[in-house]
Amino acid sequence: SPAVIQARQAVAVASSQVRQARSAYKPSVGASAGYSRRTSNSEPGNENNTSSPSYDASLGLDLLIYDFGKTPASVRQAVLRRVSAEHGLRSVMNNTVFGVRAAFFDLRRGEELLKVAEEAVRQFALHLEQTRAFVEVGQRTRYDLTKAEVDLGNARLNLVDAGNAVMIARATLNRSLGLAEEPGYAAGRGEIPGLYGSSEDLMAVARKNHPDLLSLRADVQVASAAVDQAVADLYPALNLRAAYSLGGSGFPLTWNWS
């Protein structure tokens, strides 16, 4: 089902965002290197094309020491968003399964109604033949014959409607299964499992475990963590930075650390 695939990708994105948020606890390292060549003209009239090279390279490290809870709040938001995405995946899977089951039983109902409509056409056709015979021997009136013809016409119309309903139900089931084409399957009988426990007990379980409710609870916690992060933004952040660099106009280059 495309909806399930999309929900799985949302979980994967949320998991990546958790790793990204936690990376703030780890040091970041950067390196750079450069080469330039330039002239050193300073006074008009003494310009020339003499140039000198310049080399530089550096390696730096940046480490977060303390930010008054900003990073922990950001990590907590990312973790809760992943939890919400996981519950969303469960919800989509439940809805997909429910949609498939509902479409299946709609198809089975349509097929049974189609059989009823076919039998009704057969019965009304037989009744019409009997009425026509009775009219010929004078035991029925022309009104009875006309009524039998109208009844057969209505039965045939109901048969067409039942056939269309089966086609629609089959297309709905194919869409619920994520099928782009009709594979030509036959629907089995199917059985609805019985419920275990009272409706009150089942509702209590649903309120506790329904993925939509769990996702909403996680969203509330995400909002709370966002408030904590907004408060932490009012405070400064302490960072440790260190660098080692090499530079000069020729080799060997002069080193420095900071």
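Modeller: A word to start with: buried means under 20% relative accessible area, exposed over 50%, and partly exposed in between (1.4 Å probe, protein chains only). This is a predicted model, where local features need pLDDT of at least 70, side-chain atom pairs count only at pLDDT 80 or more, and totals for chains, interfaces and linings use all residues. Residues are numbered from 1 along each chain as its sequence is written, and side-chain values use heavy atoms, with hydrogens and water left out.

Colleague: Is R170 buried or exposed?
Modeller: R170 has a relative accessible area of 18%, so R170 is buried.

Colleague: What makes E182 and R170 a salt bridge?
Modeller: A salt bridge needs a side-chain nitrogen of Lys or Arg within 4 Å of a carboxyl oxygen of Asp or Glu. Here the N to O distance is 3.2 Å, so the pair passes. The two residues link distant parts of the chain, 12 residues apart: E182 sits in the loop between α3 and α4, R170 in helix α3.

Colleague: What about K147 and D151?
Modeller: Their closest N and O atoms are 3.1 Å apart, a salt bridge again. Both lie in helix α3, four residues apart, about one turn of the helix.

Colleague: How many salt bridges does the rule give?
Modeller: The count comes to 12.
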